[in-house]
Every structure is written in C-alpha cells, then in structure tokens.
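These notebook entries record what I looked up about the ligand site and the charged pairs. The structure is shown first.

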Amino acid sequence: MKILVINGPNINMLGIRETNIYGNLSYPKLVEMIDEKSKKLKIQVEFFQNNIEGEIINKIQSAYSKYDGIIINPAAYTHYSIAILDAIKSVSIPTIEVHLSNIHSREKYRHHSVTASACIGQISGFGPYGYLMALSYFKESGILNE
Ligand code: DQA
C-alpha cells in the first residue's frame with residue numbers, strides 16, 4: 001500500500017506560525033510522526049509540501065496510477081481552489097482531507113471546503129493525529145482492497 005501525503009501552503013511554517021492554533025510541532029517533526037506510524041502499519045508513505053497551487057496540481061496528476069491513496073491538507077487552498085478539486089477528481093485516487101485545526105470553529109471563510117467533495121471524508125481539529133487517523137483508515141477499512 002502506497003500513500004502520498006500532500007501539504008499545502010504555509011504547512012512548512014508549522015511550529016512557527018500561529019502556535020496557539022497549530023501547536024509547536026514543526027513540519028519535519030510532523031513528517032517523522034506520520035513516517036513512524038506508517039512503518040507500524042506497514043504502509044509506504046511519500047511526502048510532498050508546496051506553497052504553489054500549480055505544483056500541488058502537478059503532484060496530484062503525477063500520482064495517477066502510482067499511489068493507492070492520498071492524504072491532503074490543501075491549507076488555504078481548501079477554501080477556494082476549484083483547480084485542486086478538479087485535480088483530485090481527475091486521478092480517481094481515494095483521498096482523505098485533513099486539517100490540523102477545526103476549520104468549523106474558526107473564521108466563517110474557513111468553514112467551507114471546496115476540495116472535500118472529491119474526498120472520502122474530512123478529518124479536522126485533531127492536530128497531527130488527523131494524518132495518523134487517515135493512515136489507519138486506509139489500512140484498516142479495507143477500502144483500498146475493494
Ligand atoms: C489548515 C486550515 C486552513 O484554513 C488554513 O488556511 C491552513 C491550515 C489546517 O490544517 O488547519 O493553512 O488547513
């Protein structure tokens with residue numbers, strides 16, 4: 001089982017940016033945490049972080065027929081990128097959307113996700129554990145064996 005973990009703009013600033021919202025964990029530490037869990041679950045994981053919408057789209061397109069699943073935190077693009085929505089739809093790879101913070105308890109403009117409709121579901125508000133929950137789902141639900 002091969003999973004691609006994509007993080008969007010400013011996720012590389014974790015541990016520095018708005019620590020009251022996103023916590024103290026840095027992006028490299030987040031990667032380490034996900035990597036450890038993936039080893040326990042015997043899942044192959046690859047990571048991609050980029051601040052540019054088109055680069056994220058290129059990465060999703062290049063995942064076609066190469067990955068069994070995608071875990072994506074599109075960050076701010078969540079709220080307005082129809083292009084990322086279309087990219088997720090175009091590759092037909094089971095995708096889970098993750099947010100560190102609870103987007104529904106924040107500013108109104110964060111409540112709506114345009115990308116979530118192309119995903120199996122959305123995990124929001126559990127900090128780094130959201131990514132681990134998504135990995136467990138892929139491993140244990142059997143959805144990738146159907
Ligand atoms: C985020 C929530 C978004 O609204 C925000 O723009 C981010 C991070 C999260 O993980 O909580 O950059 O996706």
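How many nonpolar, polar and charged residues does the shell around the ligand have? I find 5 nonpolar, 4 polar and 3 charged residues by class (Ala, Val, Leu, Ile, Met, Phe, Trp, Tyr, Cys and Pro count as nonpolar, Asp, Glu, Lys and Arg as charged, and the others, Gly among them, as polar).

I note that this is a predicted model, in which local features need pLDDT of at least 70 and side-chain atom pairs pLDDT 80 or more, while totals for chains, interfaces and linings use all residues. Residues are numbered from 1 along each chain as its sequence is written, and side-chain values use heavy atoms, without hydrogens and water.

**Ligand.** I list the residues around the ligand, among them Arg17, Tyr22, His79 and Arg110 (a heavy atom within 4 Å counts as near). I then looked up polar contacts, pairs of N or O atoms within 3.5 Å. A ligand oxygen is 2.8 Å from a side-chain N or O atom of Asn73, and an oxygen of the ligand is 2.8 Å from a polar backbone atom of Leu100. A polar side-chain atom of Ser101 lies 2.6 Å from a ligand oxygen. The protein covers 98% of the 330 Å² of accessible area that the ligand has on its own (Shrake-Rupley method, 1.4 Å probe).

**Salt bridges.** I searched the whole structure and found 4 salt bridges (a side-chain nitrogen of Lys or Arg within 4 Å of a carboxyl oxygen of Asp or Glu). Glu32 forms one with Lys29, with the closest N and O atoms 3.7 Å apart.

Definitions and conventions. A polar contact is a pair of N or O atoms within 3.5 Å; within protein, one must be able to donate a hydrogen and the other to accept it, and residues adjacent in sequence count only if both atoms are side-chain atoms.
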